[in-house]
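Please read them with the coordinates open.

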Amino acid sequence: MTYETPMIHILLSRWRQGHRTLTYPKVVPRLPERFRGLPRIQAEKCPEGCRACADACPTEAIQLGPAGPQVNLGRCLFCPECSEACPEGAIHYSQDHRLAASTCDDLMVVPGEDYRRAHAMGAELKRVLGRSLKLRVVSAGGCNGCEVDVNVLGTIAWDLGRFGIQYVASPRHADGLLITGPVTKNMELALRKTYDAVPHPKIVIAVGACAIQGGPFFRQAEQLGGASSVVPVDLYIPGCPPHPLTILDGLLRFLGKLGTEGKRA
Amino acid sequence: MSNHALRAILNGQAVPLREVPELTLASFREAILEGTRGGARLACLCATPDLRLFAVLADDAEKRLRVAWARLPGTRYQALTPECPQAHLFEREIAEQFGIIPEGHPWFKPVRYHLPWSDLPSPWGRDEGSLPAVTDFFKVSGEEVHEVAVGPVHAGVIEPGHFRFQCHGETVFHLEIALGFQHRGIERAMLGGPHALSLKQAETTSGDSTIAHGWAYCRLLEALAGVEVPARTDRVRGVALELERMANHVGDLGALSGDVGFLPTASFCGRIRGDWLNLSAEVCGSRLGRDWLKPGGLHHDLNPAMATGLLPRLVKSWADTRDAVELLWSAASVVIRFEMAGRLEPTQAREIGLVGVPARACGVNLDVRKDHPFGPYRAHPIPASLAESGNVHSRAWVRWLELIESQRFLSEALEALAGSDPDPRAGPLPPLAADTLCVSMTEGWRGEVLHLALTDGHGRFARYKIVDPSFHNWFGLALALRGEQISDFPLCNKSFNLSYCGHDL
C-alpha cells in the first residue's frame, strides 16, 4: 500500500539536506589532493638528453622544446604516465584547475612561461551574449565522461543558471554550441547541420581532449580529430574529462566574469 | 546443462587456443542452440578476420563460461538468430565488421554504420559516402498511424542516437533504435596491442563505466601475463567499482524522479551523485576513476589513512542518499507512474539475453559478481538484487537494493583497508602469452561487461572484442516501449539508461 508523502516529510528532508550550492566564484572549492590540474615543469631538473616523459605520453602531448619539455594540453589526458616516468620529478600536476584557452596555440604549457588562459569574448559579442548565454550541447563521439561533467553544472551544487548560462533543447534557441567528443565520421553531418541551425552571432566551445584534438582516439580513422575540423572554435577546455570547476572557469572567463585568480572579477 | 563439446573456463582464465575446441560449423551451431535452450546465455559471439567464429556461453548456474570456435567455409552461413534471438545483434555485427552474411537473419541491418575491416564488400552495399542510420526502418501503415523521428542530436546533454517511433495517436506500436553515431573504432584500435593507449580506450569505451571496463581490461592482461593481483589491491578495485555504481545509481534515481516531476529527490540526488564521485576523486584524482587502476595493480593506492578519512564521508553520503531516495517510495504519485510504465516480461528478458539491472528487474537472477565472481567478490560476495515486475518501478527498486548492498561492501572494505598496509607498487607486466584466449567479465553498474582477447604468436592482440551491457539491452528498451505512450519514452529510456558509446565502440 502506498500513500502520498506528507509535505512535512519533504520539508524535513529539505532541511536535513541543507543549502548546498557552492559559493564559487567567491570562494574556490577545495579539490582533492590527487587532483591533476595544470602541469608544472621544472626544466632545470631535466637530465641531458632525457626524453622519458615524452616517450611515456600515450597521446604524444609532450614535445622537447628549447626550454625543455612542453605539454600540449589539447592532447593531454592528465594521466600520471609522464610524472611517473620522470626520474627527477621534473614534471608534476598542480592543483590549478584553470585550463581553458582561446586558441590551440595557447594550450601549450612551456617551462618558464605563463600559461595563456582564455580571454573574454570581444566587446560586441559580449554586448549580445554576455548576460545570457544559451548553449546547445552536441556529443560527437564523446564517452559520456565530458557529457556528465557538463551536465553536472546544471545541478543545485553548481547552479549554472545563476550565471545566465543555460543548455537549451534546440539550436534555434542557442547562442552557440558546446561540443564534446572527437567528432566521429558518423556525427560530422549532424554537427554541421546543428551549427548551421544556430543563428548569428554564434560561438563554439570544445570541451575535453577528444573535442580539442581527438583525445585517446586521435589516431583512429573513424574520427576527425576534434570540433575545429568541422566548425570554428572560440574556446578550448582541456581535460579527460575536465573537472566541472574547470569547465565553469572556462565559461565564466569567456564571459569576462572572472579575475585572474579564478574568482569573481 | 550438458555441453561437452565446449571448453569450460572461469571468468578471467587464460587458455591456450589449442585447448579451445574447434567444432564443425554444424556442431558449433548445435552447441550454441543446445546451450541456450538449456539456460545458458550467449555472452559473446564474434568473428575474426580469418573467418573464424568464436562463441562464449555463460553457464551462470555452473559458474562457468564455455568457449569453442568454428571455421567458416566461406562468407555465408546459416543464421542462428531465428532459433536463438540472443544472437541477433552479434550476427549483424559480424556481418558489418567482416562482410560475413548470416543467411536467414530476420532483421538484417547495420549496427554501427561503418565499412568492413576486411576487403569483403559491405553486405548492404554501403560505401564511403553512405550516411549513418539511413536504412529501411520498419514501418506501420494505416489510418491515423504516424511516424516520429528523434535524433541523432537530442534535446539535452546526452549522446547521439536515432529513434523511430511508429505511433497510433499517443500509443507506440513499435520503436526502432538506430545507433552507430558514436563509433570510434575501439576494437580495431586494440589490434596489435596492448598499446600505450589501450587502457585509456578501455576506460573510455563508456566513460561513465571507467572502472567496469578498465578492470575487465586489466584482468584480461593479468591473466594473459600470468600475474596474480594481491587480495588488498583487488579490494581497492572493488571499492572503485562500487563507488562507480553508487554514483550512477543515485544519479539515475534522481533523474527518474525528475522525469515524473518529483523534484525533491531529483535535486538532492543530482548533488549527492557528485558526493560519491568526489570520493573516487579523493583516491585517484578523477571523479570518474580515470587512472585509478592499471594492469598489474593500481596507479593510485588507497592507503590506511585515506581509508580512515573516507569512512565518515561514506556515512554522510549514505545518510543523504537514504534520506533522498526513501522519499520516493512513499510518494504514491511517483510509485504509480513508475509501476505503469515500461514493462518487460521475464520470458522476453531471457530470450533476448538481457543483462544487468533490467534483467534483474524481471526477476532474472544473474550478476557477474555472484555467478562468475572475480577479485574481491569471491571472499566478499554481493548477492544479486531482484525485483519481479519488469517495469520502471522494478528497475528503480533494483538500483535501490544495489545501493544498499554496495554501501555495505564499501563500509566493510574501507574498514579493512584502514587496517592493512598497501601492497608494493606493481611493476610492468611480463609479456602476454602467445596464441591464447581469455574472457574477462565484470559487473558494471549497467550490467555485464565482457572483454575477450585472442593473442597471436607474439602475444599481441589478434582480436579484441568488447561487449558492453548496453549491446544486449537496447533491444529491451525497444520492446518495453511497445504499447506505451510516446510521452513516457523519456521515463522508460532513463530507467534503462543505456550507453550509446558503449554500444557503438
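Predicted model: local features only at pLDDT ≥ 70, side-chain atom pairs only at ≥ 80, totals over all residues.

1. Largest nonpolar core. This core has 235 residues. Ala206(A) is among the members that touch the most other members. Ile179(A) and Val207(A) are also in that group, along with Ala55(B), Val56(B) and Leu57(B). Helix α6 of chain B, residues 231–259, gives the most to the core, with 11 residues. Both domain 1 (7–103) and domain 2 (186–468) of chain B contribute at least three residues each.

2. Domains of chain B. The domain assignment gives domain 1 (7–103) and domain 2 (186–468). Their C-alpha centres lie 26 Å apart. The contact takes 22 residues from domain 1 of chain B and 25 residues from domain 2 of chain B. On the domain 1 side, β2, β4 (41–47) and β6 (64–71) of chain B each supply at least two residues. β4(B) gives the most to that side, with five residues.

3. Open sheet in chain B. Four strands run in the order β2-β14-β15-β16, with antiparallel pairing. β2 (13–16) and β16 (461–467) of chain B are the edge strands, and each pairs on one side only. Neighbouring strands are turned by 15° against each other on average, direction ignored.

4. The β14–β15 pair. β14 (residues 436–443) and β15 (residues 448–455) of chain B run antiparallel and are joined by seven bridges. Thr442(B) stands opposite Val449(B) in β15(B). Helix α5 of chain B, residues 210–225, packs on the sheet. α5 touches β2, β14 and β15 of chain B, and its direction makes about 150° with that of β14(B).

5. Helix α14 of chain B. Is this helix mostly covered or mostly uncovered? α14(B) is mostly covered, with nine of its 12 residues buried. The buried residues are Pro469(B), Ser470(B), Phe471(B), His472(B), Asn473(B), Trp474(B), Gly476(B), Leu477(B) and Ala480(B). The helix spans residues 469–480 and reaches 17 Å from its first C-alpha to its last. That is close to the 16 Å expected at 1.5 Å a residue.

How values were computed. Residues numbered from 1 in each chain as written. Chains lettered and ligands numbered in written order. Core = buried A, V, L, I, M, F, W, Y, C linked by C-beta atoms within 7 Å. Buried ≥ 20, exposed ≤ 12 C-beta atoms within 10 Å, placed from the backbone. Domains from an automatic or database assignment. Expected span 1.5 Å × (residues − 1). Pairing = 2+ DSSP bridges. Axes fitted to C-alpha atoms, helices over the stretch in contact; angles between N-to-C directions. Contact = placed C-beta atoms within 7 Å.
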